[in-house]
Amino acid sequence: MSRPVIELEEGWASMQSSISKLHNLLEGLPESQSFKPDEYMRLYTTIYSMCIQRPPRDYSEPLYVKYRETLQDYLTATVLPRLRAESHDELLLRELVRRWENHKLMIRWLSRFFHYLDRFYVARRSLPTLGQVGVVCFRDLAYVEVRHRARDAAGEVIDREREGEQQADRAMLKKVVDLFVEMGMGTMEAYDSDFERGLLDRTAAYYSRKASSWISHDSCPDYLRKAEECLTCEKDRVEHYLHSASVSRLLDTVRRELLTAHASRLLEKEESGCRALLRDGRVEDLSRMFRLFSKIDSGLNPIGVLFKQHVVADGTAVVEQAEEVVASGAKPSATATVDQVLVRKLIELHDKYEAYVEGCFQSHTLFHKEFKEAFEVFCNKGVAGSSSAELLATFCDNILKKVGGGGGDEEAVEETLEKVVKLLAYINDKDLFVEFYRKKLARRLLFDRSGGNDHERSMIMKLKQQCGGQFTSKLEGMVTDLTLARDHQAHFKDYVSRKNSVKGIDLAVTVLTTGFWPSYRSSDLNLPAEMLKSVQVFKEFYQARTNKRKLTWIYSLGTCNVMCRFDPKAIELTVTTYQAAALLLFNTADRLSCSEVASQLNLSDEDVTRVLHSLSCGRYKILNKEPADTKTVSPTDHFKFNSKFTDKMRRVKIPLPPVTPDEKRKVMEDVGMDRRHAIDACIVRIMKSRKALGLQELVSECLQQLGKMFKLDVKAIKKRIEDLITRDYLERDPDNYSIFRYLA
């Protein structure tokens, strides 16, 4: 049975009444009722029948056209007049949202009626779907006309919300924003060009006005608090009704107007800027400053510069203060020396600003860099002719001595040493520090002044991590020598007790390895018979335990406890080996001249003068000098044992006057020699691997490899290159004078 043919005019006439009913539904007229199922099926069947009829009565194409015309007519006759009539910002937005939602509802109903058309005709012809046609109609007729008004209206609503005048209808604004997005039909073009661009311009103008007002009246912390609050509010707006794509651009706009445009003036405010915050320890405000400026390209750079300048100024003031104390001759305190006070203040300064870097500035690499460079500036300044390396080594010496470390809190000592090593990282001449440290370590170990091997080994391990194993190998060897020396001494005591050949003298010998320890002046001291016998016994003992090792006796470092019997009472004297040898001469002689003492002991005039002066001209007059009216010792003076000497103490230590040669100069000479060897070794190592290299490349690699340990002079490198050429380690390329070749 064939279906009856439905002509276009007939079929469309039956559709018109339903379309009118749909209009009434959208307008909310009271007499309008929704479509019933049988009515919906009748409309669908009508369109279906008109589309499946044989040509020329297949009305798919005319129906497609009439669908578009229906939407256009509705928009032109009903929607546009209502949109044009609204002039109030918020009313316009509400009307626009209402009309767009009605339009989508209309598209949904009509698409159901024309569903067959969408499934077959549109698909076969690759035409826009009915839904797409509906969106295009609204965009071309309604949206294009009101988009700028809608954007400005939304901007006004947002500005009023920013001012706190009224709470915006965020649900309505969200729908407006969604409309702009949907007009892009799958792209963000309409949203970006028609809404966001204008919103950003409006936002920039708004915050530019605010910033101009705030920067003049508010302090830096107050300004930053307001800026952070504004950014939080803008982010909140994006989360509630703006598109997520806007978050970065919107916040960047706010930052540009509030922070970037006024960064210099804001950060350098005299009483409240970055320097003032650092000076006053405003941790919370500094953290806020970092958070805000870290989101701006290169925004942290000016803060880093100000931070560095402030740290340099603080540190330089500490060093200058120490310099003034030395110049004035005043003591910092009753117990502290200048180096102790200076280093402790530098440690406090380091702790303070390290806390800023790790806390306020979240360990950002820029601030670590500025922090390091700042400390390098003033940590390499000397005080009163003493280099920072020497001052740091002296400080360590005071900490590690028994008086400085043994009696204190173990953890506190370790913590202090850890902080000293941190300061060492900023010292250019680390090798100079290590040499000074080695000299002082030797004194601590040899004269039993160390607070303990645990602290010494711990410090050496810290230095090894900081400077490298090549710089601490001698220090490790020194501590090991002392451990071995104690074993030697224990075995020597057993040896003496078994042999029973040494009576009256208790000898303790510390055997040192020559390469590890500083060089000490030795002399061929003629020991008294009592002492010489003990030395010979130890030589026999040591040669029996070792093979082909030569003992060199450094009597200048020795100490002796001598029991002297004076008429009032017996007193134990703690003296040096030289002093003890001189005193023992008076066991067999009542009166000796200075020259006779020098001859019998085989000592230089300088050493004899120091020894006799300490025993006759100081506080403890063990010897009587003739003539007695002078405080100096001459070769013609004579000396007698003072049997009347007495003291309230049972044990007396008689110090020896210090040696006059400049130890500092000797350290500098030793370090200079070590540096020359290090540069030579570095050059040879580089050239051995590269075979041929230009001057600039060779100098650059030397600076890179050795610069961490001491400050290199390019002239010194060139001088060592010339020296290596003369010693046939290198040669110049005959064709290119600036190229060097390695000679195997």
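Predicted model: local features only at pLDDT ≥ 70, side-chain atom pairs only at ≥ 80, totals over all residues.
Student: Is R288 buried or exposed?

Tutor: The cut-off for a buried residue is under 20% relative accessible area. R288 has 7% relative accessibility, so R288 counts as buried.

Student: How far apart are the end C-alpha atoms of helix α9?

Tutor: Helix α9 covers residues 220-240, and its buried residues include L224, C230 and V238. The expected span is 1.5 Å times one less than the number of residues. For the 21 residues of α9 this gives 30 Å, which agrees with the separation of the end C-alpha atoms, 30 Å.

Student: With which side chain does the side chain of R444 make a polar contact?

Tutor: R444 lies in helix α20, residues 430-446. At 1% relative accessibility, R444 is counted as buried. Beyond four places in sequence, its contacts are D397, L400, K401, Y437, R449, S450 and E456. At 2.7 Å, the polar contact of the R444 side chain is with the side chain of D397.

Student: What distance separates the C-alpha atoms of R288 and K401?

Tutor: K401 is one of the residues in contact with R444. Along the chain, R288 and K401 are 113 residues apart. Between their C-alpha atoms the separation is 45 Å.

Definitions and conventions:
Residues numbered from 1 in each chain as written. Heavy atoms only, no water. Helix = DSSP H or I, 4+ residues; strand = E, 2+ residues; numbered from the N terminus. Buried < 20%, exposed > 50% of the residue type's maximum accessible area, 1.4 Å probe, protein only. Polar contact = N/O pair within 3.5 Å; in protein donor to acceptor, adjacent residues only side chain to side chain. Contact = heavy atoms within 4.5 Å.
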